[in-house]
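Dear colleague,

Please find below the structure that I am handing over to you. My notes on it follow directly after.

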Amino acid sequence: MAITDGPADTSILIPAFNEAASIGSVVRELLDAARWREILVIDDGSSDDTGAQASVAGARVIRHPYNKGNGAAVKTGIRHATGRFVLIADADGQHRPADAARLVSYLDRYDLVVGARSSGTQASLTRRLGNSVLNRMASYLTRQPIPDLTSGFRAARRECLLEFLHLLPNGFSTPTTTTLAFMKAGYSVRFEPVDAAQRQGASNIRLGSDGVQFVLILLKVITIFSPLRIFLPVSVASFLIGAAYAAWTIATQSHVTNSSVLLILLSVVIFLVGLVSEQISSLRFEGRRS
């Protein structure tokens with residue numbers, strides 16, 4: 001059964017940087033959609049009147065003195081939120097207010113609900129291909145299907161978000177980190193299909209540098225929660241290359257080269273490091289649960 005008083009217990013967080021053209025309509029449409037506990041707009045050091053437009057529309061505005069990044073704005077919002085639930089939305093008008101209430105309605109059964117965008121509503125072919133690669137990598141590393149890793153439109157229990165606040169980066173990788181952290185910690189995660197409208201204004205995400213950053217964040221979070229998913233394939237690859245090279249040199253030169261031995265020893269070292277890391281990760285979460 002869905003939560004009937006979900007919006008009344010929900011703080012909406014909207015990180016905004018130079019979004020004066022859209023923020024007012026976004027806040028007003030959300031207020032018309034449901035009776036929320038509060039709408040917080042975190043003005044991340046905008047040089048335009050983003051904060052003023054949000055305040056006039058009815059939001060509570062928290063302003064950063066300078067631009068810190070989308071993730072830093074989200075963390076500020078989580079710290080200041082008073083609701084039991086938190087819904088994070090973009091300031092560019094991509095998300096439908098009716099979908100916001102729908103995401104929150106699932107928080108009686110799930111700890112995190114992600115608005116999974118259909119491929120046809122994502123910005124460009126290049127962006128869709130990049131997101132597809134990230135989704136496949138994340139699905140392999142978590143052993144669970146992830147249809148949309150980078151969607152910033154999500155609802156969660158605030159107490160769970162606070163648990164991972166120290167892991168969240170200040171840049172645009174907050175959705176990636178929260179999704180992986182919730183899944184690897186054993187929390188219930190739902191991907192709810194939504195349609196994303198065309199954003200107003202230009203995106204602040206740079207495909208090249210931010211795409212590399214997304215991959216690094218993905219590897220970092222999985223290394224924290226499930227290290228063997230990364231260490232084991234690298235160890236196996238090193239061992240297979242070393243063993244294959246040793247077999248070839250024995251067959252052609254009647255001896256084993258130092259390179260083969262080093263590759264096999266490297267595979268053993270990598271495996272042992274991964275095993276120790278896995279034990280440390282398990283102990284860390286046993287301490288968290290206790």
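Helices (H or I, at least four residues) and strands (E, at least two) are DSSP runs, numbered from the N terminus. The model is a predicted one, in which local features need pLDDT of at least 70 and side-chain atom pairs count only at pLDDT 80 or more, while totals for chains, interfaces and linings use all residues. Residues are numbered from 1 along each chain as its sequence is written, and side-chain values use heavy atoms, with hydrogens and water left out.

The cavity

The structure holds one cavity of 30 Å³ or more. On a 1 Å grid over the protein atoms alone, a cavity is a set of points where a 1.4 Å probe fits but cannot get out, and lining residues have an atom within 4 Å of a point. Val86, Ile88, Leu112, Arg154, Ala155, Ala156 and Leu161 line the largest cavity. Strand E6 (154-157) and strand E4 (85-88) each give at least two residues to this lining, and E6 provides its largest share, three residues.

The helix pair

Helix H1 (residues 20-33) and helix H2 (residues 50-57) have axes that come within 8 Å and cross at roughly 20 degrees; axes are lines fitted to C-alpha atoms over the stretch in contact, with angles running from 0 to 180 degrees between N-to-C directions. H1 and H2 are therefore roughly parallel to each other, a term for angles under 35 degrees. On the H1 side, Ala20, Ile23, Gly24, Val27, Arg28 and Leu31 meet Thr50, Gln53, Ala54 and Ala57 of H2, contact meaning heavy atoms within 4.5 Å.

Yours sincerely

Terms used: Angles under 35 degrees count as roughly parallel, over 145 as roughly antiparallel, 65 to 115 as roughly perpendicular and the rest as oblique. On a 1 Å grid over the protein atoms alone, a cavity is a set of points where a 1.4 Å probe fits but cannot get out, and a pocket is an open set with protein on both sides within 12 Å along at least five of seven lines; lining residues have an atom within 4 Å of a point. Grid points are joined across faces, edges and corners, and a volume is the space filled by probe spheres set on the points.
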